[in-house]
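Let's take a walk through some charged side-chain pairs and how much solvent surface they keep. Here's the model to follow along with.

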Amino acid sequence: MDSRTLQLLEYPKVLQHLSHFAVSEAGRDACLSLLPETDPVRIAERSALVREAIHFCAFKDVRLAAFPDVAGVFAYLQSPLAFLDVDGLIGLFEMLKVAAALLERLGPADSERYPGLAALVAGLTLPPKTWSGLSRCLAPDGTIRDEASPELYSVRQEIRRVHQMCTRKVQDFFQNKDLQFILQDEFLTISSDRYVLALKNNFKGRLKGIVHDYSQTGETCYFEPLFLVELNNDLQEYKQEERAEEQKVLRFLSELVRAEQRAIELTFDELVRFDGLLAICHFARHSDAHVVDIAPGAPLSLIQARHPLLVFGQDHVVPVDLELKAGQRALIITGGNAGGKTVCLKTLGLLGLMAHAGLPVTAAEGSTLPFWNNFVVSMGDEQSIEQSLSTFTAQIRHFSEVWPRIDTYTLVILDEFGVGTDPSQGAALAQAVVDGLLERQAWVGAVTHFPALKAYGLSKDGVRAASVIFSPDTRKPLFKLGYDQVGASRALDVAREQGLPESILARAQDYLYLDAGDAEEIFERLNRLAAAKEEELDKARARTRDLELKFSRKLEKLDQERSRMQKELREAAQEIMRQWREGRRGRKEALKEIAQLRDSVAPSPETDEAIEKLSIQAIAQGQVLLYLPWNKTGLVQEIDGKKERVRLDMGGVSLWVGLSDVQVSAKEKHDGGKVVLKSAPAPVTPLRLDLRGMRADEAESELSRFLDKALLAGRTEVEIIHGMGTGAMRRMVHEHLKRSRAVGDFRLGNADEGGDGVTKVALAD
């Protein structure tokens, strides 16, 4: 990927924010080196792994402790004579301890639900010999344990014995001679790797021995009495033996590491990948980002897109929809200065780079992008004084260099292309460039102030025009796009805000009227209409949410009332049956009262006619029967004599019903031997509900209505598509399903059914 393109779209700044979530230096370096992929398979693999990680972390608290970068250790061990020091081994040990803690926290990964994570976990191994050797030989404080070898244990025991003897001899000597007053400190200290006493300088002649050093003030001398000389000599010999034994332990551990180096390197690499993956999960959670689908031929649809650098830099960012309809390849954005046109372009390009790098993007779930393996950006003032290039010349030179590489998988970002020369010629050149890009089937995002290019955006096939919207009252930008229209540049308004004298502005306005006629008034009217449209849409969305919430509450209240009535009826029927069993009611009286209870809730549709009792032998295919629970007629499609049931088609709704629920219809008519149904065909209730891209309250209301319709339609199983994302939508769906009386059971979809992005629901009988 061209570094110039990455810099212009500020992709490295996004990686800087991402790297802050990594816990290790190696993980931060991995985040900073993450580049967009140009292979669709690799993009799909990265995106799938990120989806799995985000979904997994939504249900399980996965944390990673900081670990050292041990890549240099492996390079050092390439020499067969090299062996690691204590610091190198401690670094490896700390890294392996972090891997062990992560394995314990992750537990056994579900390879069917999380195949990518399972593969990563498989790479996190603890080499048995190295792990056992380091655990046994290294202490938590970064030293070699006494138990690392019998010889080391023995020599350290001797060192401790010498220390105890030195301490005891000093105490005995000064207690017998009563010389405590000449000591500066009442304990042994070490100077030149020997045990010495800290004496007051003016008393150093009172004892026989060796002066090793003086304090900085000169008031204290470090003195080795003669009675400690022999013990100190023994101590030096023991310490030399200790160093030799430690060297043996270090060589032994280094050989263990060298023997299992490949497995240790793999564990380190996988740990770094986990660090980067968890950083991406934290990044997605903090920025409310989602993984988008990328595929050749997929539509360009970034819903509620936000520039990620604005998300991390501000409390509230106004989202914008960046969409092209089917058959469209170019988006031309117009409108006033400081309205957010360039930000829209940068958002499109930057989110495209992030998505192709497998990163979640700051857009709503359900957004999609086409596959791009090339990004071309012409943005800003590109003049070069050193190369004697003007802005226009620099633009053209760069575009000429990249032109041969532009194809159907290229996204081209053009910010004010053609400026810096005669406006009419620049506009003509810009239109010709867009024509050439469309002929190559490239994707284009352009910003312009050229009137000719604005008209081009409205009239050219395959091109969609959009304008940034300003408030008609305050003339401040709303940072929203009005599609299928163009806008004025509003240069005079910006100049007024920046303090340009009114006399100049008034004269400029006169010239503008001479040149443009009523064009500015037309653009202003379009802006007012677009602003009013956006305001009405916002109000409509708010009203829709309120109505859906009220409807959902009404349905919930109705469900509660139905449950209460069913409970009362059940209790009343049980009381009647109990009285009958106790002999307090006759059988006929009990049956009569139960029938009255049933009729009070659902009176029979055939109150004035005798109901004909059906038998399975009396029913034939093509016969019209009345389904009593719905009071609708249906056509008999199949007959199941074994279970004594028939399958009815009621206006497109097909379901199996028992004989007790049907009767011969009195409304059956025949026309030319064909059965005519009087009831109008009912719409077929869909088996699948897609909630992706909805807000939580909107989705829950839609889910409640869908379940009611599916239950009334006689469905036994439905499918809810909520996507993976952060898991918030899936949790809302499952909580609602747990509360709903319409649901018998539910489960997540299998791998071939959509995986964790789909929930399969079995409705209650």
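Lys13 has a relative accessibility of 45%, so Lys13 is partly exposed (between the two cut-offs: buried is under 20% relative accessible area and exposed is over 50%, with a 1.4 Å probe and protein chains only). Its salt-bridge partner is Glu10, with N and O 3.1 Å apart; here a salt bridge is a side-chain nitrogen of Lys or Arg within 4 Å of a carboxyl oxygen of Asp or Glu. Glu10 sits at 18%, so Glu10 counts as buried.

A quick word on ground rules: this is a predicted model, where local features need pLDDT of at least 70 and side-chain atom pairs count only at pLDDT 80 or more, while totals for chains, interfaces and linings use all residues. Residues are numbered from 1 along each chain as its sequence is written, and side-chain values use heavy atoms, with hydrogens and water left out.

There are 34 salt bridges in the structure. One of them pairs Arg156 with Glu246, with closest N and O atoms 2.6 Å apart. That pair links distant parts of the chain, 90 residues apart: Arg156 belongs to helix α9 (residues 150–177) and Glu246 to helix α10 (residues 226–259). Helices are DSSP runs of H or I with at least four residues, numbered from the N terminus. Arg156 is buried at 9%, whereas Glu246 is partly exposed at 21%.

Now stay in helix α10 for Glu255 and Arg258, which are three residues apart and therefore separated by about one helical turn. Their side chains form a salt bridge at 2.7 Å, N to O. Elsewhere, shared partners tie Asp146, Arg156, Arg160, Glu242 and Glu246 into one salt-bridge network.

Notes: Helix = DSSP H or I, 4+ residues; strand = E, 2+ residues; numbered from the N terminus.
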